[in-house]
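Subject: Handover of a structure and its findings

Dear colleague,

Please find the structure below for your files.

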Amino acid sequence: HAALEPRHLGGRAVITRSFARIHETNLKKQGMLPLTFANEADYDLIQTGDNVSIRGLKSFSPGKALELIVKKKDGKELKAIPLNHTFNAEQIEWFKAGSALNLMKQQLAN
């Protein structure tokens with residue numbers, strides 16, 4: 001349920017300092033983005049009410065970092081924050097399809 005709930009609530013990513021391996025894998029299978037801060041101290045820059053977006057998804061690939069764009073309540077935008085991921089090529093396809101099960105369904109339909 002820890003992977004289903006964020007997706008059910010409309011989430012697309014979970015960004016934290018670290019993950020338990022099984023939780024990270026479950027999030028990937030649900031089509032979520034489990035991401036970690038390249039610099040753990042950046043975690044403290046985010047506050048309730050900040051508007052965040054992720055840059056780099058159009059060129060999402062194994063080993064290539066993504067960036068967190070943070071717009072504060074006062075309109076100020078922080079310098080892009082690097083985010084790490086552990087996706088391989090197959091797992092990226094899960095994300096693009098919305099989940100591992102969605103990808104399997106698409107593949108069986110073809």
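The residues of the lining of the largest pocket divide into seven nonpolar, one polar and one charged; here Ala, Val, Leu, Ile, Met, Phe, Trp, Tyr, Cys and Pro count as nonpolar, Asp, Glu, Lys and Arg as charged, and the others, Gly among them, as polar. This is a predicted model, in which local features need pLDDT of at least 70 and side-chain atom pairs count only at pLDDT 80 or more, while totals for chains, interfaces and linings use all residues. Residues are numbered from 1 along each chain as its sequence is written, and side-chain values use heavy atoms, with hydrogens and water left out.

The lining consists of Ala13, Ile15, Phe37, Tyr43, Ile46, Gln47, Asp50, Val52 and Leu68. A pocket is an open set of points on a 1 Å grid over the protein atoms alone, where a 1.4 Å probe fits, with protein on both sides within 12 Å along at least five of seven lines; lining residues have an atom within 4 Å of a point. The volume of the largest pocket is about 210 Å³, taken as the space filled by probe spheres set on the points, which are joined across faces, edges and corners.

The strands form an open sheet of five, in the order β1-β2-β5-β4-β3, with mixed pairing. Strands are DSSP runs of E with at least two residues, and helices are runs of H or I with at least four, numbered from the N terminus; two strands pair if DSSP finds at least two bridges between them. At the edges lie β1 (13-16) and β3 (51-55), each pairing on one side only. Five bridges connect β3 with β4 (residues 66-71), and the two run antiparallel; Ile54 has Leu68 in β4 as its bridge partner. Strands β4 and β5 are also antiparallel, with three bridges, and Glu67 stands opposite Pro82 in β5.

Turning to the helices, the axes of α3 (residues 89-97) and α4 (residues 100-109) come within 7 Å and cross at roughly 90°. Axes are lines fitted to C-alpha atoms over the stretch in contact, and angles run from 0 to 180 degrees between N-to-C directions. In contact (heavy atoms within 4.5 Å) are Glu93, Trp94 and Ala97 in α3 with Ala100, Asn102, Leu103 and Gln106 in α4.

Yours sincerely
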